[in-house]
Amino acid sequence: MVKLNTSLIGDKARKQDVLESDMPRYVQYSTYADGSHYYRYNPPQEFVDRGLVRREVLAGDRLSAFQQADEWNILIDKFRQQENEKVQNSKHDPSVDGLCQMYLESAYFEKLADVTKAQYSYFITKLCETVLPDKSIPFGDIHFSEVTNGMAQRVYETIMTTHRSRGGSGITMANHVLSVGKRVWSIANKWEVIHRNPWRYVETMTPKKRTTKWTEPQIELMLNTAFSRWEWRNIGVMTLLAYETSQRPGDCRLLQWPSINFDTKEFILVGEYAQSKRGGEVTIPLADNVVDVLDQNLQEFGGQPYVCPHPKTLQPYSLDLVSKTFQRIREAAGLPDNLWMLDIRRTVISELGDSGATEAEIMSWSGHKNSKSLEPYLKPSKIAGQNAFNKRQNPPKR
């Protein structure tokens, strides 16, 4: 006669009852190593990012766990309803521009960091202003339902070609605009305004990695030229900050006064003032001459939040205006066209590497969270090789 382990049958039956029960959305059933079971609430990341709910093991018995999950699901449903009402009540026309404006007014855009908001807005403007060769109107005026996979590809190629004629490959700009286009259409899919994303099928190009670096005399000439004219001064301040701190020009453009500690003579990026591209927090000492320049700007422009605003509007420079003004200063200084503002970050990180700084020390400047991210910046060089030789010949005493 076969002996049955009735306790195991009971456990399986109870588990089956749980799995077949009407569990709230996003609730998962699991067991610990000791055989005891628990419920975990695992909602979509977008609602966690919004701060509506959180992922965690639900406390208490089955009834209290499900009650907590139901309460959180009500918050999610309410948020979804509010977002849908915004879409339904929107007065935007059914164009690409209207769709982009809906996104810019959404909670999904609002949750982004200020630096990212500014960048997304800039790339959306580029997208909507693009005129395709076979169209006579801006892309933003086209009905969003008419955007096909082929049209998205042509937009990408048109942006790339347009910006190539202004210097550079144009690929980086096209890739930025493509990323934002994907995001806008993805959110529109959540709203069920549209049911496909043509940007997902665009065949992209990879820009050639730049290796250009500035020399110290070139930086000095650039700064002296910028500071020679009042209307160029704050582009000079951005350049100085980029060179002294290794920060991205776009981040320097939006830098606010809380990031400058005059008492300790430090450049600090923390919390809401931290840099873009998922960068980490940084604290960097500032030389006396840099602090003097910043103090002058504080006296001149301290009545508003930005460290180096446009001197006339007292608002942050647009990315386009930064680029154009920087080019004018570079031309006036007689510097080569192949020197770009974005090359300054690479220059500083390379100088840190050549001077023997460790990866941890470099990351404390650059804000990178992963040492792998330093690879594009740290290339073998004669100086680095000589430093490695010196360290091998004269190892530090322990």
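The legends below describe close-up views of a predicted model.

Residues are numbered from 1 along each chain as its sequence is written, and side-chain values use heavy atoms, with hydrogens and water left out. In this predicted model, local features need pLDDT of at least 70 and side-chain atom pairs count only at pLDDT 80 or more, whereas totals for chains, interfaces and linings use all residues.

**View 1. The chain contains 16 helices and six strands.** Helices (H or I, at least four residues) and strands (E, at least two) are DSSP runs numbered from the N terminus. Of the 398 residues, 41% are buried (under 20% relative accessible area, 1.4 Å probe, protein chains only). Contacts (heavy atoms within 4.5 Å) between residues at least 6 apart in sequence join residues at least 24 apart in 59% of cases. The chain exposes about 22,800 Å², of which carbon and sulfur atoms supply 50%.

**View 2. Model confidence is lowest, among the elements, in helix α1 (residues 6–20), with a mean pLDDT of 46.** The pLDDT is the predictor's confidence in each residue, from 0 to 100. Over residues 1–20 it stays under 50, and the model has six contacts beyond four places in sequence for this stretch. Helix α9 (residues 216–226) has the highest mean among the elements, 96. The mean for the chain is 83, and 81% of its residues reach 70 or more.

**View 3. Helix α6 (residues 114–129) packs against helix α8 (residues 171–190) at an angle of about 95°.** Their axes, 9 Å apart, are lines fitted to C-alpha atoms over the stretch in contact, with angles running from 0 to 180 degrees between N-to-C directions. The two helices, α6 and α8, are therefore roughly perpendicular (65 to 115 degrees). From α6, the contact involves Tyr120, Tyr122, Phe123, Ile124, Lys126 and Leu127; α8 provides Met173, His176, Val177, Val180, Arg183 and Val184. By class, nine of these residues are nonpolar, one is polar and two are charged.

**View 4. Helix α10 (residues 233–245) and helix α13 (residues 319–333) cross at roughly 90°.** Their axes come within 10 Å, and α10 and α13 are therefore roughly perpendicular to each other. Ile235, Met238 and Thr239 of α10 meet Val322, Thr325, Phe326 and Ile329 of α13.

**View 5. Arginine 62 lies in helix α3 (residues 62–89).** Arginine 62 has 38% relative accessibility and so counts as partly exposed (between the buried limit of 20% and the exposed limit of 50%). Methionine 23 is 39 residues from arginine 62 in sequence and 9.6 Å away in space, C-alpha to C-alpha.

Note on methods: Areas by Shrake-Rupley, 256 points an atom, 1.4 Å probe, with all protein chains shown as cover. Parallel < 35°, antiparallel > 145°, perpendicular 65-115°, else oblique. Nonpolar A, V, L, I, M, F, W, Y, C, P; charged D, E, K, R; others polar.
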